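Here are my notes on the model, point by point. Please keep the structure open while reading.

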Amino acid sequence: MRNLSFPYVTIETARTGTLRNISSVEEAYEWLTLYWPKHSRGERWSAAHQACIDAVSRRGNPVIVQKAFIEAAKEAGIYFNQQKFLAQVRKT
């Protein structure tokens, strides 16, 4: 079986303040299908979902999944940008 991992993407879960790192096509697919906010399944969610399917069937790759997952998370408002967070911490 080929490696379908990518550098992790951090998202905020339904439990406010709880963070989760997603680092593989399998994890991304699981979150997109089981845990994604129902009201946030728009165009970018569809693209990320399809990217996962393509990667598993060897028509895509994990890097494409990671990028699509980030865009979907931004659209859903659950993307956690670590650099932005660290900048805020340094200000305090």
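1. Helix crossing. Helices α1 and α3 cross in a left-handed sense. Left-handed here means that the near helix is turned anticlockwise from the far one by less than a right angle; clockwise would be right-handed. The axes of α1 (residues 25-35) and α3 (residues 62-76) come within 10 Å and cross at roughly 35°. Axes are lines fitted to C-alpha atoms, for helices over the stretch in contact, with angles running from 0 to 180 degrees between N-to-C directions. Helices (H or I, at least four residues) and strands (E, at least two) are DSSP runs, numbered from the N terminus.

2. Basis. This is a predicted model: local features need pLDDT of at least 70, side-chain atom pairs count only at pLDDT 80 or more, and totals for chains, interfaces and linings use all residues. Residues are numbered from 1 along each chain as its sequence is written, and side-chain values use heavy atoms, leaving out hydrogens and water.

3. Who makes the α1/α3 contact? From α1 come Val 25, Ala 28, Trp 31 and Leu 32; from α3 come Pro 62, Val 65 and Phe 69. Contact means heavy atoms within 4.5 Å. By class, the residues of this contact are seven nonpolar, no polar and no charged. Nonpolar covers Ala, Val, Leu, Ile, Met, Phe, Trp, Tyr, Cys and Pro; charged covers Asp, Glu, Lys and Arg; the others, Gly among them, are polar.

4. Core. The largest nonpolar core has 23 residues. Those with the most contacts inside it are Ile 11, Ile 22, Ala 28, Leu 32, Trp 36, Val 65 and Phe 69. At least two residues each come from β1 (5-12), α1, α2 (43-56) and α3. The largest share, seven residues, is supplied by α3. A nonpolar core is a set of buried Ala, Val, Leu, Ile, Met, Phe, Trp, Tyr and Cys residues joined through side-chain atoms within 4.5 Å. Buried means under 20% relative accessible area, exposed over 50%, partly exposed in between (1.4 Å probe, protein chains only).

5. Ile 11. Leaving aside neighbours within four places in sequence, Ile 11 is in contact with Thr 18, Leu 19, Arg 20, Ile 22, Trp 31, Phe 69, Ala 73, Ile 78 and Phe 80.

6. Aromatic pairs. The count comes to two. Rings of Phe, Tyr and Trp (its six-membered ring) pair if their centres lie within 6.5 Å; planes under 30 degrees apart are stacked, over 60 edge-to-face, the rest tilted. Trp 31 and Tyr 35 form a tilted pair, 4.6 Å centre to centre with 50° between the planes. These two are four residues apart in α1, so about one helical turn separates them. Trp 31 is buried at 11%, whereas Tyr 35 is partly exposed at 43%. Trp 36 and Phe 69 are edge-to-face because their planes stand at 70°, with centres 5.4 Å apart. Trp 36 lies in the loop between α1 and α2 and Phe 69 in α3, so this pair ties together parts that are 33 residues apart in sequence. Trp 36 is buried at 2% and Phe 69 at 0%.

7. Ala 76. This residue of α3 is buried, with a relative accessible area of 15%. Leaving aside neighbours within four places in sequence, Ala 76 is in contact with Trp 36 and Ser 40.

8. Glu 27. Not counting residues up to four places away in sequence, Glu 27 touches Arg 20, Asn 21 and Ile 22.
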